[in-house]
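Me: I would like to learn how to read helix packing in a model. Please take me through one.

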Amino acid sequence: MHVMAYAPYGADGIIIRVEADIRRGIPGVDITGLAEGAVREARERVRAAFRNSGYTFPQDRILINLAPAGVRKDGASLDLPIALAVMAASGTIPAPEEGGPEVPPSSMNVMILGELELSGRLRPVRGALAAAAAALHAGIRDFIVPVENAREAAILSEGRYAAAATLGEAVRAFKTLAETGAFPPDGPPSEPARAPVPPVALYGDFAEVRGQGRYKRALEIAAAGGHNLLAFGPPGGGKTMLARRMPSIMASLEAWEAVEVTRLHSLAGQLEGGLITRSPFRSPHHSATPEGILGGGKTVRPGEISLANFGVLFLDEAPEFRANVLQALREPLEDRVITISRAQGPVPLPADFQLILAANACPCGRLGIRFRPEEPRAHRRGTSPSGCFCSPDEIHRYWRKFSGALLDRVELRTVVIPPDSKELSGGREEPSETAARRVSQAVEIQRERFKGTGIRRNARMTTGMTEKYCALTGEAQGAFHVALEKLNLSGRAFHSILRVGRTIADLEGKDAIITAHILEAVQHRRMGEDPYDIFNTGS
Ligand SMILES: [Zn+2]
């Protein structure tokens with residue numbers, strides 16, 4: 001007798017066959033198949049849950065085997081499948097079609113999820129949607145899940161689901177399935193559909209931030225084309241405030257993207273509610289563990305960078321993050337996955353995110369602060385005109401943490417300084433909704449352009465694609481070359497500026513990249529190794 005279960009592991013998890021065999025002998029339960037900690041303890045929980053739900057636990061020798069044997073299994077999510085497998089093997093759940101209550105069904109192609117409390121109540125498990133996806137892929141169509149997981153598991157419209165709050169309810173569903181080939185008619189309780197909350201209500205509106213036109217535009221280009229962005233400058237400039245409002249201009253996810261994003265959140269145990277339809281925006285704190293950010297742990301749980309898949313990873317005060325974490329971002333920025341090393345072999349996790357970095361321009365944070373001419377000299381500390389304490393060496397060292405390799409992949413670099421009085425008293429600011437409309441249009445164009453290629457945004461174009469889709473008009477080409485030479489930009493910058501130019505043209509719904517587009521792209525790139533020069537040459 002066996003039933004199917006699921007263990008979260010890496011990006012897909014593992015489908016587990018729970019086999020139960022009962023024979024005469026000294027009463028006891030043996031679990032084989034690399035069961036660890038919480039799985040070994042399952043026998044105590046199952047025994048108590050049986051008793052407290054009014055069932056008799058078999059007084060025989062019970063062998064539980066978990067297959068495949070080569071995978072370590074931990075966590076309490078195998079409780080309910082073990083309990084139901086034992087019941088079926090002992091004949092508590094009969095299978096009349098196969099000849100009466102004495103003969104248990106030999107196999108049930110049903111996936112069962114759920115932890116057991118000693119009382120017999122069920123607790124939700126992590127990764128219910130991922131479990132359903134894996135099961136459907138393997139041809140398993142019937143599911144018994146804890147009530148709390150029902151909505152999540154049923155996000156994929158295929159499959160038949162029974163939701164149970166207790167062991168008793170799960171037994172009833174299992175029994176009905178065994179006897180009739182279908183679940184009881186009273187399906188999972190449907191939750192009332194909630195009206196979607198508009199993103200500006202959750203994240204705030206660009207219009208609430210005065211000035212910062214250039215930075216807002218850079219965020220818009222980033223949102224449209226999936227480009228990476230670095231915003232740097234002194235505190236109080238609004239770097240963080242605007243970045244956190246970025247979701248208010250980002251495009252919604254396509255159906256397949258929504259399922260993939262929701263699945264990863266489900267695997268990480270971070271899913272609240274149903275399908276995630278908006279691009280994720282994750283902003284881990286710099287004190288978060290490398291495992292929390294990059295993913296890992298015993299079951300290779302997705303980290304922040306995988307939760308940011310198809311969305312934004314925002315690192316505020318980026319230089320404060322551990323150097324090894326920043327270094328590790330190079331792989332996903334290049335390959336859209338992160339590979340976690342494990343003794344059993346490398347485990348890849350999807351991490352197709354765009355990076356938004358915010359940083360002070362120097363360790364003391366004062367580099368770039370503008371002083372009003374009338375301000376008394378005494379208020380200006382330090383020696384540089386900006387009042388910064390740091391030596392050029394200290395500033396270079398501070399920026400070296402990003403390393404060229406990481407900064408190389410940041411196409412948009414924006415100096416953010418506190419707005420001056422003119423900006424503060426300016427006219428009406430554009431609402432996020434208007435920028436969001438331009439972004440959606442640009443995203444639609446890209447969906448059409450990259451159909452079937454596995455590429456989603458301009459930022460991820462291959463060199464071949466860049467050559468194909470980023471042809472400049474004759475005039476634009478001339479202007480681009482003059483700008484490149486003047487700014488002494490590298491060959492790597494060349495292609496990335498072209499891709500940004502493509503996005504700027506897409507924002508206008510234009511096919512050709514004209515001079516204005518490519519020069520704007522150059523403007524958003526301007527920066528050498530670190531921003532020291534920008535502030536000290538006054539450019
Ligand atoms: Zn400084």
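Reply: Start with handedness. A crossing is left-handed if the near helix is turned anticlockwise from the far one by less than a right angle, and right-handed if clockwise. Helices are DSSP runs of H or I with at least four residues, strands are runs of E with at least two, and both are numbered from the N terminus. Here helix 3 passes helix 6 in a right-handed crossing.

Me: What kind of model is this, and how are residues numbered?

Reply: The model is predicted: local features need pLDDT of at least 70, side-chain atom pairs count only at pLDDT 80 or more, and totals for chains, interfaces and linings use all residues. Residues are numbered from 1 along each chain as its sequence is written. The protein has 23 helices and 16 strands.

Me: At what angle do helix 3 and helix 6 pack?

Reply: Axes are lines fitted to C-alpha atoms, for helices over the stretch in contact, and angles run from 0 to 180 degrees between N-to-C directions. Helix 3 and helix 6 (residues 167-180) pack at about 55°, with axes 11 Å apart. Under 35 degrees is roughly parallel, over 145 roughly antiparallel, 65 to 115 roughly perpendicular, and the rest oblique. Helix 3 and helix 6 are therefore oblique to each other.

Me: Which residues make that contact?

Reply: Contact means C-beta atoms, placed from the backbone, within 7 Å. Helix 3 gives L80, A83, L84 and M87; helix 6 gives L167, A170, V171 and F174. An α-helix has 3.6 residues a turn, so residues three or four places apart point the same way. For classes, Ala, Val, Leu, Ile, Met, Phe, Trp, Tyr, Cys and Pro are nonpolar, Asp, Glu, Lys and Arg charged, and the others, Gly among them, polar. This contact of helix 3 with helix 6 has eight nonpolar, no polar and no charged residues.

Me: What about helix 21 and helix 22?

Reply: The axes of helix 21 (residues 491-507) and helix 22 (residues 515-523) come within 8 Å and cross at roughly 125°. That makes helix 21 oblique to helix 22. The crossing is right-handed. By class, the contact of helix 21 with helix 22 has seven nonpolar, two polar and one charged residues.

Notes. Contact = placed C-beta atoms within 7 Å.
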